[in-house]
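Trainee: Could you walk me through reading the cavities, pockets and helix contacts of a model?
Mentor: Gladly, let's open it and take them in turn.

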Amino acid sequence: MTQILDGKALSLRIKDEIANEVRAFAATGHRPPHLAAILVGNDGASQTYVANKEKSSAEVGFLSSVYRLDENIDEAELLKIIDFLNRDDEVDGFIVQLPLPKHIDEQKVINAISSDKDVDGFTPVNIGRMVLGQDAFVPATPMGICTLLQRYNIPTEGMHCVVVGRSNIVGTPAANLMSRKAFNCTVTMCHSRTRNLPEITRQADILIVAIGKPEFVGADMVKPDAVVIDVGIHRIPDASKKSGFHLCGDVKHSEVDSKCSWVTPVPGGVGPLTIVSLLQNTLLAYKKKYSL
Ligand code: NDP
């Protein structure tokens, strides 16, 4: 029988754990952890993500601040704000919400973030440390996937994990993490130039899908009893909904779910764990700073 990897319920439990730690620090006279975010422009999805991060920060007792910047801001000005946050002792970690407007060099901006405050885990230093198996801030989405597998005690040792998608923020770090000793999977990474994709995905004991294509993975691409992690999230226009849209993932759940042993729903799977991972990284940055 298919079981649900319930990211929403797990995220509430982990938020409770974080809030308890924050309360314990407050009881010994420490200020709360502080997560800042830089939001450039008016992209609707980015605004929603940042608002959710603010809300979740408040729920666990963190301080949060958002730098809302005009979409025409020049790169030098943005780099100045990053430099300010790097040196601000009251900020433990910060993120730059992606994507950035086209005239700004995204990698240059990421490279400017202090690795000690890079709670998104996107800087070359943190990526390098993660690949070497050293202490690092791990990118939030792959970290959320790891947390789901670990907290649900999903067996991974010796399993064939197929990751579809090789982005720097999801597929590549997810493939690396699943191959390391904490999971001991044998990993295959696929991308848009992979030949015979269904043939490969059908070999997966654990299938992680992060391609950004609505309902791309159907039942013909999934092995019976596989564990399926759907990272994708899409707003599909839907006149029957009050909001005018419904959400779906990269996996066609109507046909895939009944075939899986475990599956993440969309929404309520990987998404809530992504935010929780950001909070966990911020708490880690704070604890490191004060040697707590
Ligand atoms: P990107 O667009 O950066 O990367 C997509 C990857 O999928 C690329 O590596 C691309 O290959 C590969 N790909 C595209 N089409 C195919 C195909 N037909 N067959 C095989 N591989 C393909 O996306 P992200 O990694 O940033 O995000 C993926 C999805 O996850 C999106 O829906 C996004 O919204 C969602 N997301 C959800 C998060 C959450 O918290 N739930 C967080 C982050 C993302 P190539 O490299 O060759 O182009």
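Predicted model: local features only at pLDDT ≥ 70, side-chain atom pairs only at ≥ 80, totals over all residues.

Trainee: Thanks! Which residues line the second largest cavity?

Mentor: The lining consists of Val 96, Leu 98, Ile 110, Ile 113, Asp 118, Asp 120 and Phe 122. Sorted by class, five of the lining residues are nonpolar, two are charged and none is polar.

Trainee: How many cavities of 30 Å³ or more does the structure hold?

Mentor: There are two of that size. The largest cavity has a volume of about 50 Å³.

Trainee: And which elements give two or more residues to the lining of the largest cavity?

Mentor: Start with the residues: Leu 35, Ala 36, Ala 37, Val 50, Lys 53, Glu 54, Ser 57, Ser 64, Ser 65 and Val 66 form that lining. The elements giving two or more of them are strand 2 (34-40), helix 2 (44-59) and strand 3 (63-69). Helix 2 supplies the largest share, four residues. By class, the lining of the largest cavity has five nonpolar, three polar and two charged residues.

Trainee: Now for open space. What volume does the second largest pocket have?

Mentor: A cavity is a space from which the probe cannot get out, whereas a pocket is open. The second largest pocket holds about 420 Å³ of space. Its lining has 18 residues, and the closest to its centre are Val 138, Met 143, Cys 146, Gln 150 and Leu 177. Two elements, helix 6 (140-151) and helix 10 (270-289), each give two or more residues to this lining.

Trainee: Which helix gives the most to that lining?

Mentor: Helix 6 does, with five residues. The classes in the pocket lining are nine nonpolar, six polar and three charged.

Trainee: Helix 6 also has a helix contact to look at. At what angle do the axes of helix 1 and helix 6 cross?

Mentor: For a helix pair, read the axis distance and the crossing angle together. The axes of helix 1 (residues 7-27) and helix 6 come within 11 Å and cross at roughly 95 degrees. Angles of 65 to 115 degrees count as roughly perpendicular, so helix 1 is roughly perpendicular to helix 6.

Trainee: Which residues make the contact?

Mentor: Helix 1 brings Gly 7, Leu 10, Ile 14 and Glu 17, while helix 6 brings Thr 147, Leu 148 and Arg 151. By class, the contact residues are three nonpolar, two polar and two charged.

Terms used
Residues numbered from 1 in each chain as written. Heavy atoms only, no water. 1 Å grid on protein atoms, 1.4 Å probe; cavity = no way out; pocket = protein on both sides within 12 Å on 5 of 7 lines; lining within 4 Å. Points joined across faces, edges and corners; volume = space filled by probe spheres on them. Nonpolar A, V, L, I, M, F, W, Y, C, P; charged D, E, K, R; others polar. Axes fitted to C-alpha atoms, helices over the stretch in contact; angles between N-to-C directions. Parallel < 35°, antiparallel > 145°, perpendicular 65-115°, else oblique. Contact = heavy atoms within 4.5 Å.
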